[in-house]
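Hi,

Here is the structure I said I would pass on.

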Amino acid sequence: MATGRRKANRTKKEEITWQERVIQIRRVSKVVKGGKKLSFRAIVVVGNERGQVGVGVGKASDVIGAVKKGVADGKKHLIEIPMTKSNSIPHPINGIGGGAKVIMRPAAPGTGVIAGGAVRTVLELAGVRNILAKQLGSNNPLNNARAAVNALSTLRTFAEVAEDRGIPVENLYI
């Protein structure tokens, strides 16, 4: 009886294995009647390394509260990513977030994640293992993370494209 209960607990834990990484914590201030009010802004990436990822921003008067709010915001803005068998993306894609642009290309197995800054964090927590990515324009971590999520959210599989065109998948390769 005890082993059955343990197995049930283990499967529940495996379903909900969210990882969160803080990209940036910044102290921000607001000028009010009595002087300056200090608070913290945390940019957090949340992912399960199985094709789901989200970027969240949280603000609070303490760092821990800001990170918690960021995690909650990231879980609200989750996206699903189609991946190939080699844990790469199906096709090259560009993404835009504010002044930041991101270019992503699929890579051969064994290449690893070749990306920098916030884009690397987003791709790792999404579960992508082989990819080439480049940040262009702004180096703002929030805008780059949003550009990466924007690019990943517009990815489509060959099956989806074939269905949209109303042709069999085999005809796409001709």
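A question to start with: is Asp-164 buried or exposed? Asp-164 counts as exposed, at 55% relative accessibility. For the wording, buried stands for under 20% relative accessible area, exposed for over 50%, and partly exposed for what lies in between, using a 1.4 Å probe and protein chains only.

Before the rest, a word on the model. It is a predicted one, where local features need pLDDT of at least 70 and side-chain atom pairs count only at pLDDT 80 or more, while totals for chains, interfaces and linings use all residues. Residues are numbered from 1 along each chain as its sequence is written, and side-chain values use heavy atoms, with hydrogens and water left out.

**The chain as a whole**

The protein chain has five helices and eight strands. Both are DSSP runs numbered from the N terminus: helices are H or I with at least four residues, strands are E with at least two. Read from the N terminus, the order is α-β-β-β-α-β-β-β-β-α-β-α-α. The C-alpha trace spans about 70 × 60 × 30 Å along its principal axes.

Of the 174 residues in the protein chain, 36% are buried. The accessible surface comes to about 10,600 Å², and carbon and sulfur atoms account for 52% of it; areas come from the Shrake-Rupley method with a 1.4 Å probe, and for residues only the protein chains shown count as cover. If you take contacts (heavy atoms within 4.5 Å) between residues at least 6 apart in sequence, 54% of them join residues at least 24 apart.

On charge, there are 29 positive and 12 negative ones in the protein chain, and their mean positions are 12 Å apart. Lys and Arg count as positive and Asp and Glu as negative, with His and the chain ends not counted. Each charge is placed at NZ of Lys, CZ of Arg, CG of Asp or CD of Glu.

**Salt bridges**

A salt bridge here is a side-chain nitrogen of Lys or Arg within 4 Å of a carboxyl oxygen of Asp or Glu. That rule gives four of them.

Asp-164 is in one of these: Asp-164 pairs with Arg-156, with the closest N and O atoms 2.7 Å apart.

Arg-21, Arg-120 and Glu-124 form a network of salt bridges. Arg-21 meets Glu-124 at 2.8 Å, N to O. Arg-21 lies in strand β1 (residues 19-32) and Glu-124 in helix α3 (residues 117-126), so this pair ties together parts that are 103 residues apart in sequence. Glu-124 also bridges to Arg-120, where the closest N and O atoms are 3.2 Å apart. Those two sit in helix α3, four residues apart, or about one turn of the helix. An α-helix has 3.6 residues a turn, so residues three or four places apart point the same way. Both arginines are partly exposed: Arg-21 at 32% relative accessibility and Arg-120 at 33%.

Helix α3 is mostly covered, with seven of its 10 residues buried. Among them are Val-119, Val-122, Leu-123 and Leu-125.

In strand β1 you will find Gln-24, which is buried at 15% relative accessible area. Leaving aside residues up to four places away in sequence, Gln-24 touches Arg-41, Ala-42, Ile-43 and Pro-141. From Gln-24 to Val-67 the C-alpha distance is 9.8 Å, though they are 43 residues apart in sequence.

Val-22, Ile-25 and Val-63 make a nonpolar surface patch of about 210 Å². Patches are made of residues with over 30% relative accessible area and no salt bridge; like charges are joined within 9 Å, and nonpolar side chains (Val, Leu, Ile, Met, Phe, Trp, Tyr) within 5 Å. Val-63 is in helix α2 (residues 63-76) and is partly exposed at 32%.

Last, look at two loop residues. Glu-49, between β2 (35-47) and β3 (52-60), has a positive phi near 60° without being a glycine. Asn-87, between β4 (79-80) and β5 (93-97), is not a glycine either, and its phi is positive at about 55°. Glu-49 is partly exposed at 31% relative accessible area, and Asn-87 is partly exposed at 32% relative accessibility.

Cheers
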